[in-house]
Amino acid sequence: MGWCRSVLMAIGVPIGVVVFSGYCAMLLLMSIFALAVAPFKFVCSGGHSAHYGLVMLLTTWAMRSFSWIFESLNSFEFVWYGADVPPHETAVVVSNHTFAFDWLTAMLFARRKGMLSLIKFFLKDSIKYVPGFGLAVWMTEFIFVSRDWAKDSVQINASLSRLKSYGIPFWVVSYIEGTRFSIEKAEQSRAYAKSKGLPELHHVLLPRTKGIITAIQSLRDGYCDALYDITIAYEGPSKPTPISVFCTGKIHVHVSRWPLSDLPQEPTKLHEFLVQVWEGKDKLLEHWHQHKVFPGPVLCLPNSYVPIKLKFL
């Protein structure tokens with residue numbers, strides 16, 4: 001079986017590189033088109049930007065093609081648990097962050113809920129300077145942060161105000177641990193937690209909540225429906241990446257949902273709530289490490305595309 005796996009990897013990785021390169025090329029073409037129509041930006045009836053509508057249509061095409069190709073070629077099986085959230089609702093989404101693949105897991109979840117091209121990630125500011133890709137994610141209204149809080153708080157509020165002005169649902173996704181999980185980082189996180197009297201977590205890092213609290217507070221005007229918490233665990237001989245075609249294993253995804261109106265209003269209490277959510281996430285992952293499944297119902301979310309709803313054109 002070892003030689004068979006080696007052959008599959010030798011074939012699969014180059015194919016994966018081609019697939020990922022094709023996706024980047026689609027994003028670049030989308031960016032060029034978006035820049036071409038930028039001078040003609042205008043507003044249609046109801047206050048919706050036709051320019052943004054065109055960008056979203058192109059984004060949908062690019063993301064739908066890439067996500068379908070990736071999930072169809074890859075041998076990873078998704079197992080979904082927890083809350084079966086409704087399609088087409090605006091949500092703030094938080095998740096643990098273990099591997100580079102985590103963002104694609106969020107995309108594939110959004111694909112099943114009619115939000116594929118309406119998903120907006122928090123990204124490092126430096127990413128927008130990556131040729132092609134950076135321009136594409138900037139044009140599609142991703143939220144860039146630089147860890148300079150004076151600037152970031154203004155940027156987050158401005159970005160969300162602009163997204164709300166389009167009058168369509170969206171997801172704001174943040175990996176609020178601020179970095180990928182590792183054993184070394186977990187030890188540092190526990191040492192800090194112990195010094196501050198905070199819970200010592202073993203499978204996740206303490207969350208950094210300033211940015212996501214700002215996002216939640218900015219969306220308390222009735223525009224946003226819910227907070228989702230996604231917990232991801234990977235099972236298999238290898239960890240998935242965007243170019244890991246023909247690898248085998250399972251990706252376990254647990255989803256929790258809280259109506260935004262049920263969250264604490266006061267920022268300090270909201271921070272405490274999010275820390276409690278992370279304590280629960282740590283317990284979920286402990287259960288998974290012991291049993292290789294998450295507790296709760298298994299959801300039926302097949303690999304199918306749910307169309308987004310655009311009101312622009």
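Good morning. I begin with a definition: a helix axis here is a line fitted to C-alpha atoms over the stretch in contact, and the angle between two axes runs from 0 to 180 degrees between N-to-C directions. The structure under discussion is a predicted model.

Let me first give the overall picture. The protein has 313 residues, and 49% of them are buried. Its secondary structure consists of 8 helices and 8 strands.

I turn now to helix H7, residues 210-218, and its two helical partners. In general, two packed helices are described by the angle between their axes and the distance between the axes. The axes of H7 and helix H8, residues 267-291, come within 10 Å and cross at roughly 120°. Angles from 65 to 115 degrees count as roughly perpendicular and those over 145 as roughly antiparallel, so H7 is oblique to H8. The crossing of H7 with H8 is right-handed. On the H7 side, the contact is formed by Ile212, Ile213, Ile216 and Gln217, and on the H8 side by Pro267, Leu270, His271 and Leu274. Of the residues in this contact, 6 are nonpolar, 2 are polar and none is charged.

H5 contributes Trp149, Ser153, Ile156, Asn157, Leu160 and Lys164, while H7 contributes Lys210, Gly211, Thr214, Ala215 and Ser218. The composition of the contact between H5 and H7 is 4 nonpolar, 5 polar and 2 charged residues.

How many of the residues of H7 are buried? The count is 7 of 9, so H7 is largely enclosed by the rest of the structure. The buried residues are Gly211, Ile212, Ile213, Thr214, Ala215, Ile216 and Ser218. Their cover includes H5 and H8, together with strand S2 (91-95), strand S3 (119-124) and strand S5 (171-174).

Strand S5 brings us to Trp171, which is found in that strand. Is Trp171 buried or exposed? Its relative accessibility is 1%, and buried means under 20%, so Trp171 counts as buried. Leaving aside residues up to four places away in sequence, Trp171 touches Glu89, Ala91, Val93, Ala106, Phe109, Ala110, Lys113, Met115, Leu118, Ile119, Lys120 and Tyr228.

H3 is mostly covered, with 9 of its 10 residues buried. Those buried residues are Asp102, Leu104, Thr105, Ala106, Met107, Leu108, Phe109, Ala110 and Arg111.

In soluble globular proteins, nonpolar side chains tend to be buried together. In this model the largest nonpolar core has 74 residues, and those with the most contacts inside it are Phe109, Phe121, Leu160 and Trp171. H8 gives the most to this core, with 8 residues. Phe121, for its part, touches Trp103, Ala106, Met107, Phe142, Ile143, Val173 and Tyr175, again not counting residues up to four places away in sequence.

Thank you for your attention.

Conventions: Residues numbered from 1 in each chain as written. Predicted model: local features only at pLDDT ≥ 70, side-chain atom pairs only at ≥ 80, totals over all residues. Heavy atoms only, no water. Helix = DSSP H or I, 4+ residues; strand = E, 2+ residues; numbered from the N terminus. Parallel < 35°, antiparallel > 145°, perpendicular 65-115°, else oblique. Left-handed = near helix turned anticlockwise from the far one by under 90°. Contact = heavy atoms within 4.5 Å. Nonpolar A, V, L, I, M, F, W, Y, C, P; charged D, E, K, R; others polar. Core = buried A, V, L, I, M, F, W, Y, C linked by side-chain atoms within 4.5 Å. Buried < 20%, exposed > 50% of the residue type's maximum accessible area, 1.4 Å probe, protein only.
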